[in-house]
Structure formats: C-alpha cells, structure tokens
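Here are a few exercises to work through with the model open beside you. Try each one before reading its solution.

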Amino acid sequence: MNEPAMKETLPGNAMTAEELKLAQLITSSLNLETPAAQIDPGASLYGEGLGLDSIDILEVALAISKTYGVKLRSDDEQNRKIFTSLRSLNEYIQQHRVK
C-alpha cells in the first residue's frame, strides 16, 4: 500500500491511522474514559466536543512534544486553530514533527 494514501482524509468521521495514534496519546495522557477510536476527529477538543480545558491542553502539548518532537507554545497565536479538533491538531503535528 502506498503511504501517502494513508494521509488522505477519510469520509465522514473515520480517522486516519495517524489520527487514531494521536487520539490514543490524548486518552492515555489524560486518563480519559472515552475510547480513542470513538473520538470524532472533526469535533472540538474544547468544551462541547471532547470537553478538554486549558490544563488538559497543556498536558496534551507536553505529551505531543515528548512523542513527536513538536513544540507547542502557550503564547502561540495559532493555538486556537491548532487545537480546534483532533484532525487539525494532527495536521499541525504532521507538518512540524521531527522525523
């Protein structure tokens, strides 16, 4: 299988393999009861969606830094856009990760 095909957005709320891995990182680092596979990749991470607060986001940012080598700064003006959803967070990580 050609790897770039895995990076395509899947129809509906289906997650890519990369999104599922990120969802698993989020659920394990925050000890969430929600199974990673049940997270809607397009739903909001804050409030109504996954229900994360600012402390949760800081913990997620630390886990992302350790796992992917991507530094997420609390004063970054793009944070609202980056943390909009699991999908937007994953896209940012894939663009900036240390390989």
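Before you start: a helix axis here is a line fitted to C-alpha atoms over the stretch in contact, and angles run from 0 to 180 degrees between N-to-C directions. Keep in mind that the model is predicted.

**Exercise 1.** Work out what secondary structure the chain has.

Solution. Count the elements: you get five helices and zero strands. Read along the sequence, that gives α-α-α-α-α.

**Exercise 2.** Find how helix 2 and helix 5 pack, and what lies in their contact.

Solution. Start with the geometry: helix 2 (residues 17-30) and helix 5 (residues 86-96) cross at about 105 degrees, and their axes are 10 Å apart. Angles of 65 to 115 degrees count as roughly perpendicular, so that is what helix 2 is to helix 5. Next, list the residues. Helix 2 brings Glu 18, Glu 19, Leu 22, Ala 23 and Ile 26, which meet Leu 86, Arg 87, Leu 89, Asn 90, Ile 93 and Gln 94 of helix 5. Finally, sort them: six are nonpolar, two polar and three charged.

**Exercise 3.** Check the length of helix 3 and see which of its residues are buried.

Solution. Helix 3 covers residues 54-68, so its 15 residues should span 21 Å at 1.5 Å a residue. The end C-alpha atoms sit 20 Å apart, which agrees.

How values were computed. Residues numbered from 1 in each chain as written. Predicted model: local features only at pLDDT ≥ 70, side-chain atom pairs only at ≥ 80, totals over all residues. Heavy atoms only, no water. Helix = DSSP H or I, 4+ residues; strand = E, 2+ residues; numbered from the N terminus. Parallel < 35°, antiparallel > 145°, perpendicular 65-115°, else oblique. Contact = heavy atoms within 4.5 Å. Nonpolar A, V, L, I, M, F, W, Y, C, P; charged D, E, K, R; others polar. Expected span 1.5 Å × (residues − 1). Buried < 20%, exposed > 50% of the residue type's maximum accessible area, 1.4 Å probe, protein only.
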